[in-house]
Amino acid sequence: MGKLCEPACRQDVVAAAFASTTMRKVVEPAWVGRCARCAASPVPVEAVTTVVSRTFTGYDCWKAPAEGGLCAACAWAYRHPDLRRRMHVVTTRPAMRAVTAADLRRILLRPLEPDTAVVVPLRPGRKHILPHARWGSVAVEDTSLPWTGRDVAAAAAMRRLRALGFGARMLAEPAAPYPVLAQVAPRRWPAVFADWDRLAPYRRIGQWWELVLRATVAASARAAK
Ligand SMILES: [Zn+2]
């Protein structure tokens with residue numbers, strides 16, 4: 001979890017998202033103080049206990065967890081249900097927009113710019129995701145995954161393998177299953193093996209794997225036709 005908690009050197013993703021939206025519930029701030037999550041001070045805050053439930057466990061990424069209040073932006077990030085259900089792209093302009101599965105596939109074809117953060121609920125509604133989103137990364141339930149050229153190359157490998165007919169469960173195996181390999185022209189086997197190996201480090205990163213399975217589903221659906 002440590003990687004999630006690095007001090008932000010630039011604007012907070014939550015602050016950028018909040019600044020760009022009009023979806024606000026007006027809540028009377030309780031007092032002026034320091035925000036427990038983003039450490040903004042002095043700002044109007046409301047009690048943490050009115051925003052997150054008693055079973056909330058995400059405090060380890062808060063910058064000032066001993067404080068008792070949350071600023072308007074941070075309270076909104078935990079409270080607005082749409083942020084847990086739908087995929088969003090946030091930029092430093094600031095801007096935020098909901099995106100579709102097709103948009104996600106397109107976005108992940110390139111490394112993410114350092115002024116962009118993507119929020120992807122893999123299990124919609126279950127967890128707060130925006131609060132741990134980081135620039136240049138894809139935030140999923142429990143982590144924020146940097147999206148670099150290596151990730152793009154690995155996702156392209158998965159897309160090619162799916163297009164050849166390797167299913168989602170097969171891709172998790174350490175070697176290409178023979179029944180599908182046998183359907184592929186032998187001259188293409190070296191490329192298949194290279195793609196299979198390119199995915200090796202990622203098979204252990206469960207949420208990366210789940211994200212990329214989702215982002216490469218179109219290629220396999222087309223191949224199945
Ligand atoms: Zn805050």
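Biologist: Hi! Where is the place of Pro94 in the chain?

Modeller: Pro94 sits in the loop between β4 (87–91) and β5 (95–99). Bear in mind that this is a predicted model.

Biologist: Noted. What kind of peptide bond joins Arg93 and Pro94?

Modeller: A cis one, with omega at about 0 degrees. The bond from Ser41 to Pro42 is also worth a look: that peptide is cis, and its omega is near -10 degrees.

Biologist: And which loop holds Pro42?

Modeller: Pro42 belongs to the loop between β1 (31–33) and β2. Ala39 is found in the loop between β1 and β2 as well. Ala39 is not a glycine, yet it has a positive phi of about 70 degrees.

Biologist: OK, let's zoom out. How many helices and strands does the chain have?

Modeller: There are 10 helices and eight strands. The chain has 225 residues, and buried ones make up 32% of them.

Biologist: What about contacts in the chain between residues at least 6 apart in sequence: what share joins residues at least 24 apart?

Modeller: That share is 61%.

Biologist: Now helix α8. Which of its residues are buried?

Modeller: Helix α8 covers residues 189–198, and Val192, Asp195 and Trp196 are buried there. Looking down the axis of α8, you find these buried residues within an arc of 100 degrees, so they line one face of the helix.

Biologist: Remind me, why do residues three or four places apart point the same way in an α-helix?

Modeller: Because an α-helix has 3.6 residues a turn.

Biologist: Then which exposed residues are on the face of α8 turned away from its buried side?

Modeller: Pro190, Ala194 and Asp197 are the exposed residues carried by that face.

Biologist: And what do the buried residues of α8 pack against?

Modeller: Two helices: α5 (149–163) and α7 (178–181).

Biologist: Let's stay with α5 and α8. How do their axes cross?

Modeller: They cross at roughly 130 degrees, and the axes come within 9 Å. The two helices, α5 and α8, are therefore oblique to each other. As for handedness, the crossing of α5 and α8 is left-handed.

Biologist: Which residues meet there?

Modeller: From α5 you have Ala153, Ala154, Ala157, Arg160 and Leu161, and they meet Val192, Asp195 and Arg198 of α8. Sorted by class, this contact of α5 with α8 has five nonpolar and three charged residues, with no polar ones.

Biologist: Take Ala153 from helix α5. Is Ala153 buried or exposed?

Modeller: Ala153 is exposed, because 12 other C-beta atoms lie within 10 Å.

Biologist: What comes up for Leu164: where is it found?

Modeller: Leu164 is in the loop between α5 and α6 (168–171). With 19 other C-beta atoms within 10 Å, Leu164 is partly exposed.

Biologist: Leaving aside neighbours within four places in sequence, which residues is Leu164 in contact with?

Modeller: Val184 and Val192. For the pair Leu164 and Val192, the C-alpha to C-alpha distance is 9.0 Å and the separation in sequence is 28 residues. Val192 is also one of the buried residues of α8.

Biologist: Switching to α9: which of its residues are buried?

Modeller: In helix α9 (residues 206–215), the buried residues are Trp208, Leu211, Val212 and Ala215. Seen down the axis of α9, they fall within an arc of 90 degrees, so these buried residues line one face of the helix.

Biologist: And which elements do the buried residues of α9 pack against?

Modeller: They pack against α4 (101–107), β7 (137–139), β8 (144–146) and α5. Helix α5 also receives buried residues of α8, which pack against it.

Biologist: Last one: where does Val52 lie?

Modeller: Val52 is in the loop between β2 (43–47) and β3 (69–71). Val52 is buried, with 20 other C-beta atoms within 10 Å.

Biologist: And how far apart are Val52 and Ala75 in space?

Modeller: They are 8.4 Å apart, C-alpha to C-alpha, and 23 residues apart in sequence.

Notes. Residues are numbered from 1 along each chain as its sequence is written. This is a predicted model: local features need pLDDT of at least 70, side-chain atom pairs count only at pLDDT 80 or more; totals for chains, interfaces and linings use all residues. Helices (H or I, at least four residues) and strands (E, at least two) are DSSP runs, numbered from the N terminus. The arc is that of the directions from the helix axis to the C-beta atoms. Two residues are in contact if their C-beta atoms, placed from the backbone, lie within 7 Å. Axes are lines fitted to C-alpha atoms, for helices over the stretch in contact, and angles run from 0 to 180 degrees between N-to-C directions. Angles under 35 degrees count as roughly parallel, over 145 as roughly antiparallel, 65 to 115 as roughly perpendicular and the rest as oblique. A crossing is left-handed if the near helix is turned anticlockwise from the far one by less than a right angle, and right-handed if clockwise. Ala, Val, Leu, Ile, Met, Phe, Trp, Tyr, Cys and Pro count as nonpolar, Asp, Glu, Lys and Arg as charged, and the others, Gly among them, as polar.
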